[in-house]
Number of protein chains: 2
Amino acid sequence: MIDLKNIHSPADIKGMSLDELTQLADALRAALLEKLSRNGGHAGPNLGFLEATIALHYVFNSPVDKIVFDVSHQTYVHKMLTGRMEAFLDPAKYKSVTGFTNPKESEHDFFTIGHTSTGVSLAGGLVKARDMMGGKENIIAVVGDGSLSGGEAFEGLDFGATLGTNFIVVVNDNDMSIAENHGGLYADLHLLRSTDGQAENNFFRSLGFAYRYVPYGNDLKSLIDIFEEVKDYPHPIVVHLNTQKGKGYAPAEAHKELFHFHSPFDLATGDPLHISESESYDDIFATHMLERMKKDKRIAVITAGTPGVLGFTPDRRREAGSQFIDVGIAEQEAVALASGMAKGGARPVFGVVSSFLQRAYDQLSQDVAINGNPMVLNIFYGSIAGMTDVTHLGWFDIPLVANIPGWVYLAPSCKQEYLSMLDWAINQTKYPVAVRVPNTMACDKELYIANYDDLNKNVVLHRGKRVAIFGAGSCLQVARDAAAILKSNGIDATVVNPRFLSGLDTELLEALKADHELVVTLEDGAIDGGYGEKIARYYGDSDMKVQCHGMSKEFLDRYSIPDVLKQCCLTPDTLALSVLKSLQ
Amino acid sequence: MIDLKNIHSPADIKGMSLDELTQLADALRAALLEKLSRNGGHAGPNLGFLEATIALHYVFNSPVDKIVFDVSHQTYVHKMLTGRMEAFLDPAKYKSVTGFTNPKESEHDFFTIGHTSTGVSLAGGLVKARDMMGGKENIIAVVGDGSLSGGEAFEGLDFGATLGTNFIVVVNDNDMSIAENHGGLYADLHLLRSTDGQAENNFFRSLGFAYRYVPYGNDLKSLIDIFEEVKDYPHPIVVHLNTQKGKGYAPAEAHKELFHFHSPFDLATGDPLHISESESYDDIFATHMLERMKKDKRIAVITAGTPGVLGFTPDRRREAGSQFIDVGIAEQEAVALASGMAKGGARPVFGVVSSFLQRAYDQLSQDVAINGNPMVLNIFYGSIAGMTDVTHLGWFDIPLVANIPGWVYLAPSCKQEYLSMLDWAINQTKYPVAVRVPNTMACDKELYIANYDDLNKNVVLHRGKRVAIFGAGSCLQVARDAAAILKSNGIDATVVNPRFLSGLDTELLEALKADHELVVTLEDGAIDGGYGEKIARYYGDSDMKVQCHGMSKEFLDRYSIPDVLKQCCLTPDTLALSVLKSLQ
């Protein structure tokens with residue numbers, strides 16, 4: 001029996017027989033499932049690419065040969081085979097590795113990757129550099145079928161095909177994105193699978209790649225054979241593997257979307273260990289939009305490959321029918337399509353994760369803002385208290401969206417205000433409007449104002465003096481709580497709900513000059529290029545002092561949310577202290 | 001003989017015989033050439049798509065049927081046929097239309113478009129909206145072969161193919177981008193052309209489009225026949241036209257890259273009417289990089305389909321050999337490839353137009369900054385005094401790049417400093433570095449400082465008191481000139497060259513508090529999210545007053561540069577006045 005503790009590097013598997021490799025696969029799968037069930041993680045992708053990872057490390061000579069994993073959420077087995085086994089065997093060390101490749105962890109990892117569709121391009125860069133330096137090593141990019149719908153993946157394949165030297169692109173085709181695939185390309189992949197790779201129309205060949213098809217992408221022998229065959233291949237080549245997502249774990253094989261990423265579960269049944277009873281914004285969004293779509297056939301909800309983020313379960317997708325649109329992992333398309341739809345009289349609402357919206361900056365500017373087409377953006381996880389992986393930070397959407405002329409960017413502070421803003425965004429047709437999903441549910445009737453036609457109008461929740469705290473979105477509650485602390489220190493702070501991130505209420509700002517000496521801005525994101533700086537600039541030429549609080553300019557990875565909020569003065573205590581200091 | 005003055009709308013050509021249409025084509029071409037030769041413009045694309053434009057308007061019923069032109073620089077003939085003929089016949093009215101489609105000009109224009117690769121996605125949105133509303137009109141996207149290398153075009157095709165209803169994509173294949181095409185896809189287009197559309201591997205069919213090939217894409221009869229055939233086609237279909245760029249004008253047929261866009265020329269010879277004798281940054285960049293590449297084989301220059309912007313003429317491209325890389329119109333690929341190359345030990349320098357860099361925001365963040373790979377960006381036309389078309393504004397690159405943690409963004413103020421910064425960026429390997437090409441040549445020896453290792457260190461050119469002017473990049477000269485005016489008004493202003501747009505010299509900012517009351521920032525771009533706001537925030541909690549000058553938050557189209565600079569206080573007079581007012 002294989003003892004995984006003895007596997008310290010790929011060298012330790014090179015001499016194994018096929019039998020031993022098969023035992024290795026079983027042992028890896030058991031350990032992987034144990035960790036997945038206790039710790040949660042990307043179950044489906046790792047189970048499905050387990051055999052291929054073994055075969056890659058058996059055949060190629062990493063890290064001299066360089067394997068670049070697109071998205072890199074499928075690299076748990078790669079980590080197990082490259083010196084990080086303990087992080088998968090010892091529960092105390094589960095958190096010692098990230099969920100993605102990470103050059104700081106290992107010389108076998110070349111990039112920190114978390115967004116999809118980037119791997120082929122990055123690996124192409126290694127190919128070009130190798131050729132310039134006269135190197136001879138193999139460069140391998142591993143990319144999933146789901147990632148192929150992203151424009152960067154296409155650009156990487158299209159140019160990569162012209163590099164003309166060794167460049168092995170392993171397409172890990174499990175016939176799934178996070179959910180089902182969308183895009184014409186997937187009919188071609190299906191055709192290739194059903195013809196054993198022989199179909200006339202071959203997307204990869206049409207771009208100039210040589211091509212091999214492997215029908216049994218979870219069969220070690222087939223995988224080793226194909227990798228042996230293409231090793232040192234002197235031209236760009238695609239190896240198309242037909243793999244099974246969730247392979248070897250019945251619940252994951254049966255429920256592929258559910259097990260793409262899963263929180264801790266009962267290993268015997270696949271049932272989740274904890275079921276959250278609390279309300280969540282994915283549910284709120286989906287429920288609300290379904291209701292609106294039923295009443296108004298012009299309304300459509302768009303996702304770019306992450307329907308679950310929007311609360312659109314398979315059942316709800318069926319219910320929404322053609323009013324629910326999944327464009328595949330293709331945010332550029334989602335935004336431009338929405339612009340065209342809005343121009344054509346529909347009311348499209350694109351729901352997107354803050355970090356992934358970054359892929360569509362030019363479309364937000366050119367395709368939407370310059371044209372003034374009134375699409376709606378619903379931005380999830382735009383928060384310091386959102387995802388903490390360095391590749392998924394939700395800090396940058398305020399600078400990204402709010403600085404584009406023409407966009408109205410709204411920051412609701414609670415559920416009630418969120419739904420009010422979302423409805424206004426859909427009902428009006430004058431502007432492109434983005435709504436930033438808050439991270440709190442706290443609900444105040446007084447915040448419910450159904451009309452935002454008076455652009456950039458802030459709401460003063462309490463009019464005090466000396467200091468005014470502008471708490472944008474989720475920060476409003478912090479502003480109120482800090483004001484309470486200040487009150488007990490004899491300071492009657494004004495509390496403002498700015499509502500609009502994309503413009504200033506200059507009338508209010510002027511009025512505050514009369515009896516205020518300090519304005520404090522709070523935003524749940526990066527401070528550089530953000531909301532607060534606009535206030536600082538506005539008051540630059542006056543006597544008003546301004547303090548801006550938000551995330552400082554650095555990338556953090558897997559940080560402690562409470563610690564960071566304290567550092568940013570985005571907790572009531574730290575904020576009150578900072579105000580008191582300034583007023584002394 | 002056709003009198004073009006009688007053509008007011010597409011209705012005026014519907015009844016014409018093929019003979020008359022041929023005469024119309026001749027008359028349009030003559031008028032077009034006359035305007036092009038006097039006024040300059042996109043010669044090649046419009047000459048090549050002239051017959052197809054006639055045929056589209058002959059067969060389809062615009063604006064009920066909707067034609068969306070990708071990039072839309074090929075729409076001069078479309079404008080001539082849709083009520084804007086005068087702008088092409090009367091030299092006094094040449095400037096009355098923009099160079100791109102523009103809904104403000106005509107109901108036949110659906111979007112303001114200037115960036116490539118967006119048209120299929122936007123048209124796809126019209127298709128989806130039509131189907132939701134129960135419309136029956138034809139939706140036609142016109143896209144050039146060059147645009148197909150852009151990721152958004154792929155996303156648009158891939159998803160568009162699944163729409164399942166009428167969606168006609170006309171591929172205007174003239175076998176050229178601005179320069180020659182790059183990408184594996186182009187071998188497939190070539191194969192399709194050489195097999196009369198019959199080749200097995202068909203990129204478009206692989207995505208699920210029906211497909212028709214038209215070998216004579218400048219033949220009116222062929223074009224009318226094919227458009228008649230595909231009109232009301234109930235499924236997404238690609239009509240692949242083999243057209244000739246520059247058709248019907250020998251110099252443009254012979255020199256396709258030169259005549260893609262051309263300044264006024266002698267109609268008889270094709271020779272330019274004015275040859276600029278002044279030094280230009282494209283030349284400076286190309287000359288310098290060629291020299292460096294010869295000495296160091298690790299260095300490479302990358303373009304995304306605009307080699308001319310970088311000064312890389314065909315001769316220079318040949319000279320640079322494999323060290324010059326054109327990835328096609330694919331900025332995402334250019335940035336990610338450069339990141340991979342830098343990781344692999346090469347020294348890639350991506351030269352890019354400010355406005356087009358917008359397509360690669362996520363790559364700058366994820367593929368580069370998070371990984372810290374030391375690629376070099378050379379940003380052209382990042383200036384208020386650059387391109388003035390609303391789709392090509394160079395105002396947004398400072399907010400875009402400088403707010404990403406990890407990027408060093410340098411703003412040289414003259415040629416000497418530019419080359420010094422460019423060299424430093426290439427020689428160091430610690431950071432990804434962007435260099436913003438200035439719009440002035442003025443050269444001061446004192447500015448030449450060869451080392452920028454001391455990150456964010458500003459240079460004080462003159463130490464005065466009361467007011468300090470920070471003139472970033474091209475604005476430094478404005479700062480100096482304004483300081484001279486202030487001097488004659490009894491104010492001894494400090495003048496600072498900040499050099500770094502991505503961080504502040506806090507030591508200097510602190511020191512200024514001692515004897516300064518006002519800090520003024522000047523930047524050659526958008527003020528929202530830009531450099532000045534960081535200074536305003538820094539001083540927010542102090543007594544220092546701050547004035548930020550730059551472009552206000554709005555989109556302008558074809559503006560007067562001198563007027564706008566005055567409005568922005570970016571001229572010595574207006575700036576000095578603004579300072580004097582504040583100091584009163």
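Two residues are in contact if their C-beta atoms, placed from the backbone, lie within 7 Å. The views below are taken from a predicted model.

**View 1. Domains 1 and 2 of chain A meet through a set of residue contacts.** Chain A is divided into domain 1 (4–254), domain 2 (281–447) and domain 3 (459–583), and the centres of domain 1 and domain 2 of chain A, taken over C-alpha atoms, are separated by 32 Å. Where these two domains of chain A touch, 20 residues of domain 1 are in contact with 15 residues of domain 2. On the domain 1 side of this contact in chain A, the residues divide into four nonpolar, 16 polar and no charged.

**View 2. Helices α7 and α8 of chain A cross at roughly 35 degrees.** Two packed helices are described by the angle between their axes and the distance between the axes. The axes of α7 (residues 119–133) and α8 (residues 151–160) of chain A come within 7 Å. From α7(A) the contact is made by A:V120, A:S121 and A:G124, while α8(A) contributes A:E152, A:A153, A:E155, A:G156, A:L157, A:F159 and A:G160. By class, this contact of α7(A) with α8(A) has four nonpolar, four polar and two charged residues.

**View 3. Chain B touches chain A through 92 residues on each chain.** Sorted by class, the side of chain B that touches chain A has 33 nonpolar, 36 polar and 23 charged residues.

**View 4. Six strands of chain B form an open sheet with parallel pairing.** Strands of a sheet pair through backbone hydrogen bonds, either parallel or antiparallel. In chain B the strand order is β7-β6-β8-β9-β11-β10, with β7 (324–326) and β10 as the edge strands, each of which pairs on one side only. Neighbouring strands of this sheet are turned by 20 degrees against each other on average, direction ignored. Within the sheet, β9(B) and β11(B) pair in the parallel sense over four bridges, and the bridge partner of B:I379 in β11(B) is B:R436. Helix α13(B) packs on the sheet, where it touches β6, β8 and β9 of chain B, and its direction makes about 145 degrees with that of β6(B). Helix α15(B) lies across β6 and β8 of chain B and runs at about 160 degrees to β8(B).

**View 5. Helix α19 of chain B packs through its buried residues against strands and a helix.** The 13 residues of α19(B), 415–427, reach 18 Å from the first C-alpha to the last, close to the 18 Å expected at 1.5 Å a residue. Its buried residues are B:E417, B:Y418, B:S420, B:M421, B:L422, B:A425 and B:I426. These residues of α19(B) pack against α13 (281–295), β6 (299–303), β8 (347–353), β9 (376–380), β10 (408–410) and β11 (433–436) of chain B.

**View 6. Helix α20 of chain B has buried residues covered by elements that include strands and α24(B).** Because 13 residues at 1.5 Å a residue should span 18 Å, the 19 Å between the end C-alpha atoms of α20(B), residues 476–488, agrees with expectation. In α20(B), B:L476, B:V478, B:A479, B:R480, B:A482, B:A483 and B:L486 are buried, and what covers them includes β12 (459–462), β13 (466–471), β14 (494–497), β15 (516–526) and α24 (572–583) of chain B. Just after α20(B), B:G490 takes a positive phi of about 85 degrees.

Key
Residues numbered from 1 in each chain as written. Chains lettered and ligands numbered in written order. Predicted model: local features only at pLDDT ≥ 70, side-chain atom pairs only at ≥ 80, totals over all residues. Nonpolar A, V, L, I, M, F, W, Y, C, P; charged D, E, K, R; others polar. Helix = DSSP H or I, 4+ residues; strand = E, 2+ residues; numbered from the N terminus. Expected span 1.5 Å × (residues − 1). Buried ≥ 20, exposed ≤ 12 C-beta atoms within 10 Å, placed from the backbone. Domains from an automatic or database assignment. Axes fitted to C-alpha atoms, helices over the stretch in contact; angles between N-to-C directions. Pairing = 2+ DSSP bridges.
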